[in-house]
Amino acid sequence: MDLPQNQPHRADVAKMLVHSAFRRLGIAENLLQHLEFIAKKKRKSLLVLDTVTDSPAHALYLKRGWKVVGNIPNYALFPNGSPCSTTYFYKNLE
C-alpha cells in the first residue's frame, strides 16, 4: 500500500495465490473479499491488479466486480518459460 504521495487513495494487489490442492473451495474469493475490506479500512478507494488472461483468477475478478483495463500479449512467462498474456483490472471501492 506504500505508493507515491500523489496516489494515497489506491493500492496494488501484487500477488494472490491459492495452492492447487485447495482450489475451487472459495478460498480465493474469501481472500479477495477480505483484501477489499482491509483496503476500505485503510481508506483506499481504488485497487489495481493483473493476472493471466482467461485464467480461473481472471474469471474470479470479473465475478467480484473488477473491471478490465486491457490485455498485454506476452507480458509474463508461465513456469515452463512460455509467454502468456496479462490482463489488468481495477476496482473502485466507493
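This briefing describes the sheet, the helices and the nonpolar core of the structure above. The model is predicted. The largest nonpolar core has eleven residues.

- β2 and β4 (residues 83-92) run antiparallel and are joined by seven bridges.
- V52 stands opposite T86 in β4.

- Two packed helices are described by the angle between their axes and the distance between the axes.
- The axes of α1 and α2 come within 11 Å and cross at roughly 50 degrees.
- Because of this angle, α1 counts as oblique to α2.
- The crossing of α1 and α2 is right-handed.
- Where the helices meet, A28, E29 and L32 belong to α1, while L60, Y61 and K63 belong to α2.

- In soluble globular proteins, nonpolar side chains tend to be buried together.
- The members of the largest core are A11, V13, L32, A39, L47, L49, L60, Y61, W66, F89 and L93.
- At least two residues of this core come from each of α1 (27-41), β2 (46-52) and α2 (56-63).
- Leaving aside neighbours within four places in sequence, L47 is in contact with A11, L35, E36, A39, W66, F89, Y90, K91 and L93.

How values were computed: Residues numbered from 1 in each chain as written. Predicted model: local features only at pLDDT ≥ 70, side-chain atom pairs only at ≥ 80, totals over all residues. Heavy atoms only, no water. Core = buried A, V, L, I, M, F, W, Y, C linked by side-chain atoms within 4.5 Å. Buried < 20%, exposed > 50% of the residue type's maximum accessible area, 1.4 Å probe, protein only. Helix = DSSP H or I, 4+ residues; strand = E, 2+ residues; numbered from the N terminus. Contact = heavy atoms within 4.5 Å. Pairing = 2+ DSSP bridges. Axes fitted to C-alpha atoms, helices over the stretch in contact; angles between N-to-C directions. Parallel < 35°, antiparallel > 145°, perpendicular 65-115°, else oblique. Left-handed = near helix turned anticlockwise from the far one by under 90°.
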